[in-house]
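Please open the model in your viewer and keep the selection panel at hand.

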Amino acid sequence: MIDDNLRASRKTADQRPALQISFEFFPPKTDAMEERFWDSIAKLAPLSPRFVSVTYGAGGSTRERTLRMVSRITNDTGVPAAAHLTCVGATRDEVDAVVRGYQQAGVNSIVALRGDPPEGVGQPFTPHPQGYQNAADLVAGIRKIGDFDISVAAYPEKHPQSTDWGADIDNLKRKIDAGADRAITQMFFSNADYLRYVERARKAGIIAPIVPGIQPIHSFKQISGFAARCGASIPGWLAERFEGLDEDPETHALVAAAVAAEQVTELLDEGVTEFHFYTLNRSNLVLALARLLGRRP
């Protein structure tokens, strides 16, 4: 029998460890999407997240929108905003100019990523001849410009282009050694994968936080398609839970809530105290998960 007294998820607010949460959004493309974006920000801001991050399209295709969004989040909500940044298809000078633009806008947090080539996820990456060569190189360049809070990516199931686990963990270590403050994982659905990954990193001497990236399943079809492209696996038991629910949105939503709740409370019971949520610009399910973790406005 599991002793509830030993489970962090069963403790009251005054007994639970202090938690850090953060949220990821993408720049909206239409007026209607932008309205939902700001509505979601307004609902999540009172939870006092470490930061709210805004993604950056392949090759910097959403650069201006990302800057506009993070600037407004910083100025209008008081919540720290983190801007994503990649080194795809740009010179060092061009990337440095973007970093200085964030700095001038009062944005002091950056999620530094190598980025995927314009051809798409999984295609070979070719650095710009005058650009940053990889994420570790990018982190070092950001560090030269200013005292930013820098997050980098981690892959609990190994990056699809890593030759083996040794190469994958070595790459993470280079990013941390270059000056990153923490790593945020790609989405995963087996907590054992995350816990084994953290163990590998610690054995390699990496002591920086490795924050689990949690992806609520608003659409199983959409998430499973994305997972297939980025090297994240969908366990058989998870696919089975959503089987036959494509035309039943109400049951789908309830199952999605149960799956996400199970994942975060299990991680909390394993001693995890930092969470990063991929919101897909939606707030309701993430609000519920934050409440399960004990975070209140």
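Begin by selecting R72, which is partly exposed at 37% relative accessibility; buried denotes under 20% relative accessible area, exposed over 50%, and partly exposed in between, with a 1.4 Å probe and protein chains only. The model is a predicted one, in which local features need pLDDT of at least 70 and side-chain atom pairs count only at pLDDT 80 or more, while totals for chains, interfaces and linings use all residues. Residues are numbered from 1 along each chain as its sequence is written, and side-chain values use heavy atoms, with hydrogens and water left out.

Helices (H or I, at least four residues) and strands (E, at least two) are DSSP runs, numbered from the N terminus. D76 is exposed, with 55% relative accessibility.

**Second stop: E199 and K203**

Select E199 and K203 next. Their closest N and O atoms are 3.6 Å apart, and the two residues form a salt bridge. The pair lies in helix α6 (residues 191–203), 4 residues apart, or about one helical turn. E199 is partly exposed at a relative accessible area of 44%, whereas K203 is exposed at 68% relative accessibility.

Now select R182 and D149. Which atoms of this salt bridge are 2.7 Å apart? They are the closest N and O atoms of the two residues. R182 is buried, its relative accessible area being 6%, while D149 is partly exposed at 23%.

The salt bridges visited here are among the 12 counted by this rule.

Finally, select R282, located in the loop between β9 (274–278) and α10 (284–292). Is this residue buried or partly exposed? R282 is partly exposed, with 37% relative accessibility. Display its surroundings: beyond its neighbours within four places in sequence, R282 contacts R36, S40 and H218, contact meaning heavy atoms within 4.5 Å. Select K43 as well; its C-alpha is 9.8 Å from that of R282, although 239 residues separate the two in sequence.

Notes:
A salt bridge is a side-chain nitrogen of Lys or Arg within 4 Å of a carboxyl oxygen of Asp or Glu.
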